[in-house]
Amino acid sequence: MDTNLAVESLRRSEAVIWPANAQTFDFAQQLDQNKDLVNFRDEFIIPTTAQLRSKTLQESLEITNSSARPSVYFCGNSLGLQPKAISEHLSAYLKTWGSIAVGGHFTRLEDSPLLPYQDMAAECARRSAEIVGAAPEEVVIMNTLTVNLHMMMAAFYKPTEKKHKIMCEWRPFPSDWYAIESQIEWHGRIPAESMLPVQPDKGTYYISTSRILSLIDQHADELALILLPGIQYYSGQLLDIPTITKHARSHNITIGWDLAHAAGNVELKLHDWGVDFACWCTYKYMNAGAGSIAGAFVHERHGSVVNQKGLRGWYGGDKSVRFLMDNKFVPTPGAQGFQVSNPSAVDLTCLTASLSVFEKTNMFELRSRSLLLTAYAEFLLNQITDRSSREQEPPFNVITPSNPMERGAQLSVLIREDLMDGVSKALENAGIICDKRKPGCIRVAPVPLYNTFGDVWRFMETLETALHPSSTKSKRDDSAVRLGE
């Protein structure tokens, strides 16, 4: 199979023609050995199936031998796996703190991978800029995702009696809804009157671009802000960010994006697309650890004007005068003027380690691998559906768009309610970790940095066996032996 041609087809939103042996484990292994498909699995710690059942740290450490079977981790859309570089970077931080204490703010030890503490956030911003398609001065690393959404809305949401509505999606992640709702209340308005949720197309989970553009046209005179997800967390749909942004700006409406599920997952060009602001976390596809420090983008056209009107803090002040302590605020130019607090050096250390992996590749290469991984997962899911066609009701429904350019790494699978418990138990027993979201949705996210086509095959084999425990045709013979079962 020519994987380069397959990826080109996917980038044109065309289907891949899979060979006759595509359902076999041997084929999955062939894809994993293909040198054209960049893979950084060795840069990450993959939990073993035995470790997933550990009850103590000591027990977990004792079973980290090379013969242990690795788990299938499809939960990078919730928490990315740990890069091996994290250990080295955290060790350097602890040694720096232990040896030169406060001097770590200003001094770099020659053999350390870390900059002085006060320079780390700007360096992480510089290294993150390529991932989101921005200039370094348009990116700031600070706070956490919801805090940054509040910071951005504090600066950009300026409701008037006529223009006071915020367009959002119908089913955002709850924290986004709470943030928008509370910002409206903070301005003395009623959320039910000032929130404009975008509903999906009738009978689907799909939010069409045409529906969004039409709503913008209808409510242009009332909209003070548009805040939408780059990728909808539940369905996995990738919205048409450039088209929607261009349309909003043609009406002179400020538009921001929550990129929690998009940053490190899909190719972004925030500067070129003219996005006003965007926010993202770094613990999902960017693998910086649970609850790690977040990022934000502010387009350069806003310069240093907006951050003088927003909330201020010491670390938003320009580094050249930061330690004069004269209470005369001089904002750092660009997005970094939005900082308010001294950022956690521990968080920045973990992010620095994760970014060191991203620097070994680029988002075009990662997206190319991701397109094929997700297409292979979709193909195998469709085969299961075809073999289940005699049933009155299909066992599951994939609600993520079939167009490869309208999704990221995630496929959201709605499992029939009477099958959900059995499927969940089977996946757990097989050491397969997926994210489950009510009602009845399993979010399968093969992350291109560390997941394999063999992982996809193992997941699908386990899923089909769980759905048809007594009638599934045996395909596990020598494949099962090679998998170490």
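**Overall architecture of the predicted model**

With 485 residues, the chain would have a radius of gyration near 23 Å as a compact globule, and its value of 24 Å agrees with this; the radius is taken over C-alpha atoms, and the globule rule is 2.2 Å times the number of residues to the power 0.38. The model is predicted, so to speak plainly of its limits: local features need pLDDT of at least 70, side-chain atom pairs count only at pLDDT 80 or more, and totals for chains, interfaces and linings use all residues. Residues are numbered from 1 along each chain as its sequence is written, and side-chain values use heavy atoms, with hydrogens and water left out.

Along its principal axes, the C-alpha trace spans about 75 × 60 × 40 Å. The chain holds 17 helices and 14 strands, taken as DSSP runs (helices H or I, at least four residues; strands E, at least two).

Two domains divide the chain: domain 1 (3–54 + 67–81 + 361–467) and domain 2 (91–359), with bounds from an automatic or database domain assignment. Their C-alpha centres lie 29 Å apart. Where the two meet, 37 residues of domain 1 are in contact with 27 residues of domain 2, contact meaning heavy atoms within 4.5 Å. Of the contacts in the chain between residues at least 6 apart in sequence, 71% join residues at least 24 apart.

The chain exposes about 21400 Å², of which carbon and sulfur atoms supply 52%, by the Shrake-Rupley method with a 1.4 Å probe.
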